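I opened this notebook to record what I looked up, going from the whole chain to single residues. The entries follow the order in which I asked my questions.

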Amino acid sequence: MINKKIGVLLLFALLVSFGAKAQRATSMRINEVLVINEDNFVDDYGKRHGWVELFNTSAGTVNIAGCFLTDDKNNPKKYPIPKGDVLTQIPPRQHILFWADGEPDRGTFHVNFILDPSKENYVALYDADGKTLIDEIVIPASQRADISYGRLIDGEKEWAQLTKVTPSTNNVTLDSNEKIDNFKANDSWGIGMTVTAMAVVFSGLFLLFIIFKQIGNFSIAASKRNAQKAAGASATVAADAGQESGEIFAAIGAALYEMSDDNHDIENTVLTIRKVQKTYSPWSSKIYGLREVPKK
């Protein structure tokens, strides 16, 4: 019992440690950097500057407030990321962009250094203690305008120049469908697509035909069974015909005789005379009539 409790506690501690690690800033990575921004993404002031993109590789939300960004190895605390901004909480597998414009008074995501296109640029991310290096990268000199330097896959090790710049989004985007591309390459006239579509339609129609045919056969069989049951019942009634007792016929004969002789309705020959009474009214009384002709 004690060993079981110890095992549960160890498992709980392990899960807590993994969860805590997932929430730490050490899971952040420098993901993409643009040195020369001539015709690319603009900041919240409508200006174009170089930028640094960070990526959260963990499965939990990470708060990078209090961490440091720098372009100087000798000054790891060059730009302290301000605390109290809710936007510094980076959701899992999401990105955040910092503008290298040298104007930190413009907001949380405007750092106090710029990227120099004439030389190599060093960019590093330090933890909140200012000593623990989380990630760093050296961007080669002679970068071309509007072509970034980033990881081929978000959070992975391999870096390269990216002709398709992807600020605040995945470095790998699906611009095409492999199956559609295969169809275009192997069936440029669309014959295979047409045959496939027609085969699907006719297969569906054939399946519906089979289903409705089976339903019809079942209905016909059910109707035949009902008809056979009804015929059997009629035969049973016909077989029972003529088996009535003599009392039934005697009763029927007596009823017919009484009806034809009309003996059961003698009272309809009695004549009834009632005295007609008339309600008295002074207007219809003769005592108020004129007995004599008035004298002239």
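This is a predicted model: local features need pLDDT of at least 70, side-chain atom pairs count only at pLDDT 80 or more; totals for chains, interfaces and linings use all residues.

**Entry 1: the whole chain**

I counted 4 helices and 11 strands in the protein chain. Of its 296 residues, buried ones make up 26%, and the chain exposes about 21,500 Å², 60% of which is supplied by carbon and sulfur atoms. I then looked at contacts between residues at least 6 apart in sequence, and found that 57% of them join residues at least 24 apart.

**Entry 2: strand β8**

Is strand β8 enclosed or open to the outside? I checked its residues 121-126 and found 6 of the 6 buried, so the strand is largely enclosed by the rest of the structure. Both faces are covered, with Asn 121, Val 123 and Leu 125 buried on one side and Tyr 122, Ala 124 and Tyr 126 buried on the other.

I next traced the partners of β8. With strand β4, residues 68-70, β8 pairs in the antiparallel sense over 3 bridges, and there Thr 70 has Ala 124 as its bridge partner. With strand β9, residues 133-139, the pairing is also antiparallel and consists of 6 bridges; in it Asn 121 stands opposite Ile 139, and Leu 125 stands opposite Asp 135. The two strands β8 and β9 form a hairpin with 6 residues between them, and in the turn I noted Gly 130 with a positive phi of about 75°.

I placed these pairings in an open sheet of 4 strands, ordered β5-β4-β8-β9 and paired antiparallel. Strands β5 (79-80) and β9 stand at its edges with a single partner strand each, so one side of each has no neighbour in the sheet.

Which residues have the most contacts inside the largest nonpolar core? That core has 29 residues, and I found Ile 30, Leu 54, Ile 64 and Phe 98 to be those with the most contacts inside it. At least two core residues come from each of β1 (28-34), β2 (50-56), β7 (95-100), β8 and β9. A second, separate core has 5 residues, including Leu 34, Trp 51, Trp 99 and Val 165.

In soluble globular proteins, nonpolar side chains tend to be buried together.

**Entry 3: salt bridges**

My search of the whole structure found 4 salt bridges, and I wrote up some of them.

- Asp 135 and Arg 151 meet through their side chains at 2.9 Å, N to O; the pair links distant parts of the chain, 16 residues apart, with Asp 135 in strand β9 and Arg 151 in strand β10 (residues 148-151). Both residues are buried.
- Glu 103 and Arg 106 meet at 2.7 Å, N to O. Glu 103 counts as partly exposed at 27% relative accessibility, and Arg 106 also counts as partly exposed because its value is 23%.
- Arg 48 and Asp 39 have their closest N and O atoms 3.7 Å apart; Arg 48 is partly exposed at 39%, whereas Asp 39 is exposed at 59%.

Most residues other than glycine have a negative phi. I therefore noted the exceptions that I came across. Arg 93 has a positive phi of about 60° although it is not a glycine; Arg 93 lies in the loop between β6 (89-90) and β7 and is partly exposed at 44% relative accessibility. Ser 168 has a phi near 60°, again positive, and is found in the loop between β11 (159-162) and α2 (178-186), where it counts as partly exposed at 39%.

Technical notes:
Residues are numbered from 1 along each chain as its sequence is written. Side-chain values use heavy atoms; hydrogens and water are left out. Buried means under 20% relative accessible area, exposed over 50%, partly exposed in between (1.4 Å probe, protein chains only). Two strands pair if DSSP finds at least two bridges between them. A nonpolar core is a set of buried Ala, Val, Leu, Ile, Met, Phe, Trp, Tyr and Cys residues joined through side-chain atoms within 4.5 Å. Contact means heavy atoms within 4.5 Å. Accessible areas come from the Shrake-Rupley method with a 1.4 Å probe; for residues, only the protein chains shown count as cover.
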